[in-house]
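Here's a quick walk through one model, written for someone who likes cut-offs spelled out. Have a look at the structure, then read on.

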Amino acid sequence: MRKYRYIWLPLLLFLYGMTFAIFFGPDFINSGRTISLIVAVLADLLICILLFFALRKKSKYQNK
């Protein structure tokens with residue numbers, strides 16, 4: 001499980017962000033804060049992608 005942390009940790013963070021967007025997204029849109037919602041979702045996605053590559057690189061170095 002620890003060996004594949006570069007897969008499950010970014011995935012878990014992404015699911016958390018999407019859950020946030022699904023539950024609170026309609027409230028953000030109704031109150032006129034659509035841009036805030038979009039920025040939050042895009043930031044979450046960017047962090048997940050960067051975390052995936054950083055943890056994968058770290059895992060490769062540890063395996064050597």
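## Pocket, patch and a few residues

Lining the largest pocket are Arg2, Lys3, Arg5, Tyr6, Leu55, Lys58, Ser59, Gln62 and Asn63. Before going further: this is a predicted model, where local features need pLDDT of at least 70 and side-chain atom pairs count only at pLDDT 80 or more, while totals for chains, interfaces and linings use all residues. Residues are numbered from 1 along each chain as its sequence is written, and side-chain values use heavy atoms, with hydrogens and water left out.

Back to that pocket. A pocket here is an open set of points on a 1 Å grid over the protein atoms alone, where a 1.4 Å probe fits, with protein on both sides within 12 Å along at least five of seven lines; lining residues have an atom within 4 Å of a point. Its volume comes to about 160 Å³, that being the space filled by probe spheres set on the points, which are joined across faces, edges and corners.

Who supplies the lining? Helix 2 gives the largest share, five residues, and helix 1 and helix 2 each supply at least two. Helices are DSSP runs (H or I, at least four residues), numbered from the N terminus. By type, the lining splits into two nonpolar, three polar and four charged residues. Nonpolar covers Ala, Val, Leu, Ile, Met, Phe, Trp, Tyr, Cys and Pro, charged covers Asp, Glu, Lys and Arg, and the others, Gly among them, are polar.

Next, the surface. Ile38, Leu42, Leu45, Ile49 and Phe53 make a nonpolar patch of about 440 Å². Patch residues have over 30% relative accessible area and no salt bridge, with nonpolar side chains (Val, Leu, Ile, Met, Phe, Trp, Tyr) joined within 5 Å. Areas come from the Shrake-Rupley method with a 1.4 Å probe, and a salt bridge is a side-chain nitrogen of Lys or Arg within 4 Å of a carboxyl oxygen of Asp or Glu.

Leucine 42 sits in helix 2, residues 34-63, and counts as exposed because its relative accessibility is 51%. For the labels, buried means under 20% relative accessible area, exposed over 50%, and partly exposed in between (1.4 Å probe, protein chains only). Leucine 45 is in helix 2 too, at 35% and so partly exposed.

Leucine 15 belongs to helix 1, residues 5-30, and is partly exposed at 45%. Proline 10 and proline 26 also lie in helix 1. Proline 10 is buried, since its relative accessible area is 5%, whereas proline 26 reaches 43% and is therefore partly exposed.

Some C-alpha separations to check in your viewer:

| Pair | Apart along the chain | C-alpha distance |
|---|---|---|
| leucine 15 and leucine 45 | 30 residues | 10.0 Å |
| proline 10 and lysine 64 | 54 residues | 23 Å |
| proline 26 and leucine 37 | 11 residues | 9.6 Å |

Definitions and conventions: Patches are made of residues with over 30% relative accessible area and no salt bridge: like charges are joined within 9 Å, nonpolar side chains (Val, Leu, Ile, Met, Phe, Trp, Tyr) within 5 Å.
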